[in-house]
Amino acid sequence: MPRKLSEAQVEGYARDGFLSPVAALTGDEAAQCRRKLEAFERAVGGPLTSDTTDARYRSRTHVLLAWVHALVRHPAILDAVEDLIGPDILVYTSTWFIKEPASTAIAAWHQDATYFGLRPYVHVTAWLALTDATAENGCMEFLPGSHARGQLPHRAGVVPGSVNRAGQAITVDVDDAPAVCAPLRAGEFSLHHTLCLHRSPPNRSSGRRIGLAISYVPTHVQHLGVKHKTPAMLVRGVDTLGHFDLEPAPAADLDETARAAYTRSYDGYRAAYAEQVASEH
């Protein structure tokens, strides 16, 4: 029996490639996390979306900040993920996706799998909302069943103003007539398969849209890179296979040990990602 999801939800995810919404945090807990994010932004010099703020802080802060680490290990999220990929779970990466008020930033149709270099294709992303994510402020849209098409061709750096730093988009035509809008209340999350096509429109509201995307993989997954053993963090179960360079959990926000681990984590991930992007040329 599933731990968190119903049998119908598990079957729906297998059929559609996504599931939304699923409950995790209360509204008050989400608001508290938003305040912690804003405090972190002040500590690093400004909003994570700003050109003057170090861009690396958008990624992998579960290695740097104890409160983000607590989010990626939240039992409600891990129970749902376990229902989909099994009990031995790694966080491959995490990314803040923030759209400022009246922002034109978008994500074009894409698949997460494209530049991750992970096989087999079983990675699942949990997208946790810290503010309401609505059609007005640019919530995600999914194409049901699109994960069954397999990996589609993409190009990086082709979407100006992308909320996704790779600026990636698929290079084949997409019939978006069956697209499903997936709004979330603050504290809820969605789940999507690494091959499921998804996008998000601009933020047409007067408030920020804040979400944390967490990439989970079972420990049997391997990375295709030949130059780098990529980092990942064990968050449930055991890892007897050693395919990844396991990362330590942060004991406290921004302490010296966490900063050093974060630098290794970020550099290792970016090197592995760059190798995958370069392989398309």
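## A leucine with positive phi

L254 sits in the loop between strand 15 (245–246) and helix 5 (256–278); helices (H or I, at least four residues) and strands (E, at least two) are DSSP runs, numbered from the N terminus. This is a predicted model, where local features need pLDDT of at least 70, side-chain atom pairs count only at pLDDT 80 or more, and totals for chains, interfaces and linings use all residues. Residues are numbered from 1 along each chain as its sequence is written, and side-chain values use heavy atoms, with hydrogens and water left out.

Back to L254: its phi is positive, about 60°, although it is not a glycine. With 23% relative accessibility, L254 counts as partly exposed (buried means under 20% relative accessible area, exposed over 50%, partly exposed in between, with a 1.4 Å probe and protein chains only).

You'll find R60 in the loop between helix 2 (27–43) and helix 3 (66–72), and it is buried, at a relative accessible area of 0%. Most residues other than glycine have a negative phi, and most peptide bonds are trans.

As for the peptide bonds, the one from S20 to P21 is cis, with omega near -5°, and P21 belongs to strand 1 (residues 18–23). R119 and P120 are joined by a cis peptide bond too, omega being about -5°. P120 is in the loop between strand 4 (118–119) and strand 5 (124–129).

Two strands pair if DSSP finds at least two bridges between them.

Strand 6 (residues 141–142) and strand 9 run antiparallel and are joined by 2 bridges. In one of these strands, strand 9, V180 is the bridge partner of F142.

## Nonpolar cores

The largest nonpolar core has 44 residues, and those with the most contacts inside it are I77, W96, F189, L191 and Y216. Such a core is a set of buried Ala, Val, Leu, Ile, Met, Phe, Trp, Tyr and Cys residues joined through side-chain atoms within 4.5 Å. Helix 4 (residues 75–85) supplies the largest share of this core, 6 residues. Another core lies apart from it, with 15 residues, among them A133, C139, M140 and A213.

What does L191 touch, leaving aside its neighbours within four places in sequence? Its contacts (heavy atoms within 4.5 Å) include L5, Y13, F18, A80, L84 and V124.
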